[in-house]
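Try each task before reading its solution.

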Amino acid sequence: MNPTQPNLAEAHVDAPAVAEAGVADVGLQVGYWPRVWRRFRRDRFALLGAGIVILMILVAIFAQRIAPYDPGFEDPNGTTLLGAPLPPSPGHWLGTDPNGRDALSRIIYGAQVSLLVGIVGNGAAGLIGLLLGSLAGYFRGWVDTLISRIIDVFLAFPVYLLALALVAVLAPSVRTVIGIIIVVYWTLTARIIRGQVLSLRERDFVEAARSLGQGELGIMVRHIYPHLIATMAVYTSLGIAATVIFESGLSYLGVGVPHGTPSWGNMISENQDAVTTAPWLVFGPGAAIVLTVLGFNLLGDGLRDALDPFRE
């Protein structure tokens, strides 16, 4: 059964709410999406994750208005007389780096890089994985064999080794990192979607649509893809968390975004030698990575539970 059209006979009816609203059609109260929202808003950790994600997105969007300084501005008074970075103070809430640049401003602008790479890269990888995985699972035969073998080839390479090989050919940039994420992560989504579609194509509603003469493309669009919304929502959210870590790791190794760009991974790499003398330069971007990953993971777990059609 299509999860967007649940069986009302099996749904939980909130009788007081129905009576209070004066709604005759109980289906308006117990539809699939209202039940999803009800389950989601009852999950405090999911709401916390959603709040963190929204906060980070707002920080990235309004970075120019929020950041107290330009991320590349080297304050002449931003270091001590000996050239050491300044500790946190009213003028620089999270201190400065050895070049006199405001650490808080660079962390705020770093959210733009991390979320841009995570959302765009993981979103594109998800779409490619959805398309190829659904084709492999639905048509099977040589199509499934070809796509599955391609997936196996990509999965045979260690992730960071494959990334290093691609960076050796392409110059480090935000576009390069996004391209690497697409190449690396589409295979994971495709394998998951393939398994889902292999099961869905044998369901009665697909056979009924096929017996009525509906084309294969129409069956996939109208009957297969709606069932994959929950899976894609969950794995996209969790995938963004993974790609934020991946981008930070590449930047830390010096093969991610260009050196000097306000990226969390770059900040940790540039200031790791000062972890004992100026720990705020490492703990600040590290905390930003942890908070962002935590937010997307909590959101993904909450979506998984809320979108489960068999969960009350």
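**Exercise 1.** What volume does the second largest pocket have, and which residues lie nearest its centre?

*Solution.* Keep in mind that this is a predicted model. Start with the volume: the second largest pocket comes out at about 190 Å³. Next, the lining: 13 residues line this pocket, and M56, V59, I107, A288 and L291 lie nearest its centre. Now sort the lining by class: 12 of its residues are nonpolar and 1 is polar, with no charged ones.

**Exercise 2.** Describe how helix 6 and helix 14 pack, and list the residues that make the contact.

*Solution.* Two numbers get you going: packed helices are described by the angle between their axes and the distance between those axes. For helix 6 and helix 14, the angle is about 35° and the axes are 10 Å apart. Then check the hand: helix 6 passes helix 14 in a right-handed crossing. On the helix 6 side, A103, I107 and L115 make the contact, while helix 14 brings in L281, G284, P285, A288, T292 and F296. By class, that gives 7 nonpolar and 2 polar residues, with no charged ones.

**Exercise 3.** Is the crossing of helix 6 and helix 9 left-handed or right-handed, and how far apart are the axes?

*Solution.* Take the axes first: helix 9 covers residues 174–200 and packs on helix 6 at about 35°, with the axes 5 Å apart. The crossing is right-handed. Sorting the contact residues of this pair gives 21 nonpolar, 8 polar and 1 charged.

**Exercise 4.** Where does H223 lie, and which side chain does its own side chain meet in a polar contact?

*Solution.* Locate H223 in helix 11, which spans residues 216–224. Its side chain makes a polar contact with the side chain of Q214, at 3.4 Å. Finally, leave out residues up to four places away in sequence, and H223 touches F205, A209, Q214 and G218.

Notes. Residues numbered from 1 in each chain as written. Predicted model: local features only at pLDDT ≥ 70, side-chain atom pairs only at ≥ 80, totals over all residues. Heavy atoms only, no water. Helix = DSSP H or I, 4+ residues; strand = E, 2+ residues; numbered from the N terminus. Polar contact = N/O pair within 3.5 Å; in protein donor to acceptor, adjacent residues only side chain to side chain. Contact = heavy atoms within 4.5 Å. 1 Å grid on protein atoms, 1.4 Å probe; cavity = no way out; pocket = protein on both sides within 12 Å on 5 of 7 lines; lining within 4 Å. Points joined across faces, edges and corners; volume = space filled by probe spheres on them. Nonpolar A, V, L, I, M, F, W, Y, C, P; charged D, E, K, R; others polar. Axes fitted to C-alpha atoms, helices over the stretch in contact; angles between N-to-C directions. Left-handed = near helix turned anticlockwise from the far one by under 90°.
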